[in-house]
Amino acid sequence: MRTLDDLLAEGVSGRRVLLRADLNVPLDKATREITDDGRIRASLPTLQALRDAGARVVVAAHLGRPKGAPDPQFSLAPVAARLAELLGVDVPLAADVAGEDARARAGRLGDGDVLLLENVRFEAAETAEDDAERGALADRLAALADAFVDDAFGAVHRRHASVYDVALRLPHVAGRLVAQELDVLTRLTTDPERPYVVVLGGSKVSDKLAVIEALLPKVDRLLVGGGMCFTFLAAQGHGVGTSLLEADQVDTCRRLLADAGDRIVLPLDVVCAPEFSAQAPTTTVAVDAIPDGQMGLDVGPRTVEAFGRELGGARTVFWNGPMGVFELAPFQAGTRGVAAAVAAVDGLSVVGGGDSAAAVRQLGLDESAYGHISTGGGASLEYLEGRELPGLAVLADRATTDRGD
């Protein structure tokens with residue numbers, strides 16, 4: 001796979017480069033202000049390297065899930081403003097994705113200038129299943145540039161026009177973020193230093209089942225928290241009250257526990273409440289004593305201590321998914337405690353993007369304490385499952401028929 005350094009060595013001064021970045025940041029619904037600019041900041045090394053080399057940079061990105069048509073609530077205008085602040089230069093936003101305004105603005109770019117295209121998902125063809133429909137959009141995007149750099153790791157598991165099809169039409173390389181993510185994931189999957197501990201949280205076992213199946217033969221310990229732990233606890237015969245439960249996955253969890261032996265480590269206690277609310281009264285109980293009318297919304301202090309012991313001796317750690325409903329103050333302690341234990345690992349510590357990365361930032365934890373914080377939760381999980389990701393396959397000049405989600 002060719003990288004940004006290969007492209008820079010060939011020279012990009014005066015050339016237009018289409019950069020697919022992952023700028024899909026969360027916005028406050030009322031104010032449309034960016035609440036976490038982590039992905040924008042992660043795009044800066046590649047973007048600045050291109051500017052420094054004199055490239056004329058056209059940035060393509062998506063935001064949210066518009067329904068294939070322009071929608072003001074999903075405009076990239078706030079992203080353009082934040083990108084301009086971070087770069088210290090003007091970053092105009094095209095009025096369209098690859099239409100008349102985008103073509104005109106791209107044609108006026110000078111060396112080192114940056115243009116942000118409007119949300120690529122304003123075009124229904126971006127996510128179309130039909131190859132020809134996606135290809136028509138990719139043709140228009142490719143016409144804006146002389147080379148393509150994919151730095152949107154959070155989208156490489158998707159066979160979308162701006163990720164996959166454009167790379168078939170232009171000389172293409174992996175950006176610095178994609179190369180870094182791939183390097184870290186390769187270290188996790190190829191002879192990781194041991195003990196190797198994986199921490200999985202989040203709401204549903206079904207969302208993580210494939211990665212559990214793939215990782216179990218490779219890890220020394222798999223620590224399970226979050227809402228998904230209650231299906232495992234039910235598989236052990238415990239009552240889980242009104243906690244989140246996937247009844248159709250209980251037998252699967254029972255099989256996994258039998259196959260894994262002591263390699264799967266479950267919570268010892270949980271923080272319960274009668275309802276999903278920051279104002280609800282809470283109780284901390286052992287996992288075999290969850291009251292019928294209560295729901296578990298966080299792991300308890302004994303669990304944090306036990307998980308901390310497992311993490312204390314680890315040399316390689318991958319963490320994906322919060323331990324509880326960290327968005328609500330009464331249920332933050334479990335995620336905070338486990339996050340601190342991951343940060344203290346003497347070795348490679350990887351935060352697998354998504355809600356885990358959001359928790360690190362929302363809880364005010366030191367990002368530099370972790371070896372790597374991924375920008376792509378879904379992409380990193382699919383890579384660890386052993387699936388070939390379309391966006392990476394095409395960069396490596398391997399065609400694929402797997403669309404991704």
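1. The lining of the second largest pocket consists, by class, of five nonpolar, four polar and four charged residues. Here Ala, Val, Leu, Ile, Met, Phe, Trp, Tyr, Cys and Pro count as nonpolar, Asp, Glu, Lys and Arg as charged, and the others, Gly among them, as polar. The model is predicted, so local features need pLDDT of at least 70 and side-chain atom pairs pLDDT 80 or more, while totals for chains, interfaces and linings use all residues. Residues are numbered from 1 along each chain as its sequence is written, and side-chain values use heavy atoms, without hydrogens or water.

2. The space in the second largest pocket is about 260 Å³. Among its 13 lining residues, Ala42, Leu177, Gln180, Ile373 and Thr375 are the closest to the centre. A pocket is an open set of points on a 1 Å grid over the protein atoms alone, where a 1.4 Å probe fits, with protein on both sides within 12 Å along at least five of seven lines; lining residues have an atom within 4 Å of a point. The volume is the space filled by probe spheres set on the points, which are joined across faces, edges and corners.

3. Three elements each supply at least two residues of this lining: helix H2 (38–52), helix H7 (176–189) and strand S14 (372–373). H2 gives the most, with four residues. Helices (H or I, at least four residues) and strands (E, at least two) are DSSP runs numbered from the N terminus.

4. Thr375 sits in the loop between S14 and helix H14 (377–384). Thr375 counts as buried because its relative accessibility is 7%, and buried means under 20%, exposed over 50% and partly exposed in between (1.4 Å probe, protein chains only). Beyond its neighbours within four places in sequence, Thr375 is in contact (heavy atoms within 4.5 Å) with Asp22, Arg39, Ala42, Phe153, Gly154, Leu177 and Glu181.

5. Arg176 belongs to helix H7 and is partly exposed, with a relative accessible area of 36%. Residues up to four places away in sequence aside, Arg176 touches Leu4, Asp5, Leu8, Pro45, Thr46, Ala49 and Asp151. Arg176 and Ala49 are 127 residues apart along the chain, and 9.4 Å separates their C-alpha atoms.

6. Helix H3 (residues 77–87) has Pro78, Val79, Ala80, Leu83, Ala84 and Leu87 buried. H2 and strand S3 (114–116) are among the elements that cover these buried residues. Gly88 follows H3 and has a positive phi, near 75 degrees.

7. Strand S9 (residues 269–273) is mostly covered, with five of its five residues buried. Asp269, Val271 and Ala273 point one way from S9, while Val270 and Cys272 point the other way. S9 runs antiparallel to strand S10 (residues 283–286), joined by four bridges, and Cys272 has Thr283 as its bridge partner there. Four bridges also join S9 to strand S11 (residues 295–299), again antiparallel, and Met295 of S11 stands opposite Ala273. Two strands pair if DSSP finds at least two bridges between them.

8. The largest nonpolar core has 49 residues, of which Leu222, Phe232 and Ile264 touch the most other members. Helix H9 (residues 229–235) gives the most to this core, with six residues. A core joins buried Ala, Val, Leu, Ile, Met, Phe, Trp, Tyr and Cys residues through side-chain atoms within 4.5 Å. Apart from neighbours within four places in sequence, Leu222 is in contact with Val198, Leu200, Ile212, Leu216, Arg263, Ile264 and Val265. A second, separate core of 30 residues includes Leu7, Val17, Val25 and Val173.
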